[in-house]
Amino acid sequence: MQFGRSYEEFEVGATYKHWPGKTVTEADDHLFCLLTMNHHPLHLDAHYAQETTQFGKNVVVGNYVYSILLGMSVPDVSGKAIANLEVESLRHVAPTFHGDTLYGETTVLDKRESTSKDDRGVVHVETVGYNQDGTVVCVFRRKVMVPKQSYLDARGGEQPGRPTPVPDKNWPGPASSGA
């Protein structure tokens with residue numbers, strides 16, 4: 001399974017459809033709000049949301065929606081990234097509610113080689129998140145520094161830093177195919 005891409009693997013105009021989607025539960029939203037100290041009643045108080053907002057129900061906190069979509073994009077976009085350089089824009093264009101399922105896709109807008117190091121490049125992407133009905137809820141653009149293949153080859157290939165299992169008294173080593 002591919003996890004991220006090297007600079008050479010990105011093509012301007014390519015779109016990566018992230019899979020699977022994520023259904024947002026009330027518990028997910030409340031936990032994220034509490035972990036990040038966002039105690040706005042729009043997200044936590046169903047009575048408040050029903051009585052005083054245009055939506056009539058709780059709205060999922062926007063930073064959680066963004067975080068889900070960013071996470072969805074990692075296997076396709078930034079799984080090999082050296083650094084996330086910039087979030088250029090972030091727009092929440094429609095609300096997400098408890099029970100909605102989010103899907104995302106990312107399009108490569110541009111790419112350029114690094115001006116300071118020849119073993120990496122910068123990829124500019126736009127991620128669009130939408131719900132089960134196809135309603136776009138979030139759009140963001142970011143720039144990611146990704147390695148060239150030469151960088152990966154110099155550091156162990158596709159899975160740098162992965163150890164090899166060591167036989168010991170509890171595990172004798174790989175099973176032999178001849179016995």
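How do the residues of the lining of the largest pocket divide into nonpolar, polar and charged?

A: The model is a predicted one. The lining of its largest pocket has five nonpolar residues, two polar ones and two charged ones. These residues are Met1, Gln2, Arg5, His18, Trp19, Pro20, Met72, Pro75 and Asp76. Two elements each give two or more residues to this lining: strand S1, residues 15-23, and helix H4, residues 62-78. The volume of the pocket is about 170 Å³.

Trp19 belongs to an aromatic cluster together with Tyr103 and Tyr130. Tyr130 is in strand S4, on the side to which Arg120, Val122, His124, Glu126 and Val128 also point. Gly121, Val123, Val125, Thr127 and Gly129 point the other way from S4, and the residues of both sides are buried. With 11 of its 11 residues buried, S4 is largely enclosed by the rest of the structure.

The neighbours of S4 come next. Strand S3 pairs with S4 in the antiparallel sense over 10 bridges, and a hairpin of six residues joins the two. In that pairing Glu113 is opposite Gly121 of S4. S4 also pairs with strand S5, again in the antiparallel sense, over 11 bridges. Here Gly121 stands opposite Val146 in S5, and Arg120 has Pro147 as its bridge partner. S4 and S5 make a hairpin with five residues between them, and Gly134 in the turn has a positive phi of about 90 degrees.

S5 covers residues 136-147, and nine of its 12 residues are buried, so this strand too is largely enclosed by the rest of the structure. Strand S2, residues 83-92, pairs with S5 in the antiparallel sense over eight bridges. Arg91 is found opposite Val139 of S5.

The aromatic contacts give another view, and they come back to helix H4. The structure holds six aromatic pairs. One of them is Phe55 with Phe97, an edge-to-face pair with 5.9 Å from centre to centre and 65 degrees between the planes. Phe55 is in the loop between helix H3 and H4, and Phe97 is in the loop between S2 and S3, so the pair ties together parts that are 42 residues apart in sequence. Phe55 is partly exposed, at a relative accessible area of 32%, whereas Phe97 counts as buried, at 15% relative accessibility.

A further pair is made by Tyr66 and Phe140: the ring centres are 4.8 Å apart and the planes stand at 75 degrees, so the pair is edge-to-face. Tyr66 lies in H4 and Phe140 in S5, so parts that are 74 residues apart in sequence are tied together by this pair. Both Tyr66 and Phe140 are buried.

The charged end of Lys57 is over the ring of Phe97, 4.4 Å from its centre. Lys111 lies over the face of Tyr7, at 4.3 Å from the ring centre.

Key. Residues are numbered from 1 along each chain as its sequence is written. This is a predicted model: local features need pLDDT of at least 70, side-chain atom pairs count only at pLDDT 80 or more; totals for chains, interfaces and linings use all residues. Side-chain values use heavy atoms; hydrogens and water are left out. On a 1 Å grid over the protein atoms alone, a cavity is a set of points where a 1.4 Å probe fits but cannot get out, and a pocket is an open set with protein on both sides within 12 Å along at least five of seven lines; lining residues have an atom within 4 Å of a point. Grid points are joined across faces, edges and corners, and a volume is the space filled by probe spheres set on the points. Helices (H or I, at least four residues) and strands (E, at least two) are DSSP runs, numbered from the N terminus. Ala, Val, Leu, Ile, Met, Phe, Trp, Tyr, Cys and Pro count as nonpolar, Asp, Glu, Lys and Arg as charged, and the others, Gly among them, as polar. Buried means under 20% relative accessible area, exposed over 50%, partly exposed in between (1.4 Å probe, protein chains only). Two strands pair if DSSP finds at least two bridges between them. Rings of Phe, Tyr and Trp (its six-membered ring) pair if their centres lie within 6.5 Å; planes under 30 degrees apart count as stacked, over 60 as edge-to-face and the rest as tilted. A charge sits over a ring if NZ of Lys or CZ of Arg is within 6 Å of the ring centre and within 35 degrees of the ring normal.
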